[in-house]
Amino acid sequence: MNVTHLECAACGRRYEAHRLHNLCTECGRPLLVRYDLAAAARTLSRESLGGRRADLWRYAEVLPVEREENIVSLGEGWTPLLRAERLGAPLGLDLLVKDESQNPTQSFKARGMSAAVSMALELGVRKVAVPSAGNAAGALAAYAARAGLEAHIFMPKDTPQANVVECEQTGAHVTLLEGLITDCGAEVARRKEAEGWFDVSTLKEPYRVEGKKTLGYELAEQLNWELPDVIVYPTGGGTGLIGMWKAFAEMEALGWIGGKRPRMVTVQAEGCAPIVRAFERGERFAAEFENAATVASGLRVPKAVGDFLILDALRESNGAAVAVSDAELLSAVREIGAAEGLFVAPEGAACLPALRRLVERGEVRRGERVVLFNTGAGVKYLESFGGGSG
């Protein structure tokens, strides 16, 4: 393990590695893992990756687990990067889709939970808890089962049924609550001390972002170390976007890439767009979005603890933030499916109408290479699509 310490993303306070931590005790903001990258580079190089395992743990030197036996894996990561010619050609773009639906538990949440549960196991945790709008719950349930840990899941009552069944069938204790993911988070916070749970909420522990940052490492490796011009990313809690931005900085320090960065684009639903609103107002922190509502359950996050990290990345990269309607994103599910054979999650589908808007506004130009992220499988959202034809 090449971890040197943990560091508050806001106030910079240092914390000792290999201890259980949630948020910064000074300012309540997320902690990020820092590495001795010079030490990592002794065994980790672009050339060394050739014969390594085809999952996210191929980047072990820049991941936090100390002992290999504590890695809890179901084969997550190393998902395909697919060219989307039929969708890209009319826009004049070299368009690619990073298809995270091919992870275990059928979403990108598997990456973060593999890292978080591995670290929980290594640090002696026996019970884990999470509030979730759906896919994070399924991932935690699966990885906790794999690790032999007890999982306690709190989800809104209108969470897609597939997520609820998935958690129940992988042995988790499931509680459905009225309200939103923020209400579920409040319930975890209220009970965790008495129940002995370790809270693995988005960015309230330091390791889910480490699993998600492998999106950035993979993207660079799959594109032969030449990052795209634009990354379009559906954003709820934003851990994937934050993780990729961290990965790019680490890879530059390792000498793998230069200083050029993709323009990062956050996509949200019009019914829950706190990051878009804060971006447009020039604010560094995003106020809670009242009465949040969208069929894309993963985007129904009215208040993100890592809001400032998302907004920093958007501005530093000269990126953008776009909100689309539920009608647009549901229509895009069918359009992407018919054009490219990918049955994507509504969250991933939202990226296509957002991209079209950016092209219309001249913020994405002909000939540019653009990567859209599909964060999950459409099959988990069957309630969103109405009845099939017989």
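Q: What makes β13 stand out in the lining of the largest cavity?
A: In this predicted model, β13 gives 3 residues, the largest share of that lining. A strand here is a DSSP run of E of at least two residues, a helix a run of H or I of at least four, both numbered from the N terminus. β13 spans 369–374, and α13 (346–349) also supplies at least two lining residues.

Q: What makes a space a cavity, and which residues line the largest one?
A: On a 1 Å grid over the protein atoms alone, a cavity is a set of points where a 1.4 Å probe fits but cannot get out, and lining residues have an atom within 4 Å of a point. Those lining the largest cavity include Leu87, Val97, Ile336, Leu372 and Phe373. Its volume is about 70 Å³, taken as the space filled by probe spheres set on points joined across faces, edges and corners. The whole structure has 1 cavity of 30 Å³ or more.

Q: How do you know whether the lining of the largest cavity is charged or nonpolar?
A: Ala, Val, Leu, Ile, Met, Phe, Trp, Tyr, Cys and Pro count as nonpolar, Asp, Glu, Lys and Arg as charged, and the others, Gly among them, as polar. The lining divides into 9 nonpolar, 2 polar and no charged residues.

Q: What makes a space a pocket instead, and what is the volume of the largest?
A: A pocket is an open set with protein on both sides within 12 Å along at least five of seven lines. The largest share, 4 residues, comes from α6.

Q: Which residue classes line the second largest pocket?
A: There are 6 nonpolar, no polar and 5 charged residues. Among them are Trp245, Lys246 and Asp312.

Q: Why are α3 and α4 called oblique?
A: Their angle is about 40°. Angles under 35 degrees count as roughly parallel, over 145 as roughly antiparallel, 65 to 115 as roughly perpendicular and the rest as oblique. The pair is therefore oblique.

Definitions and conventions
Residues numbered from 1 in each chain as written. Predicted model: local features only at pLDDT ≥ 70, side-chain atom pairs only at ≥ 80, totals over all residues. Heavy atoms only, no water. Axes fitted to C-alpha atoms, helices over the stretch in contact; angles between N-to-C directions.
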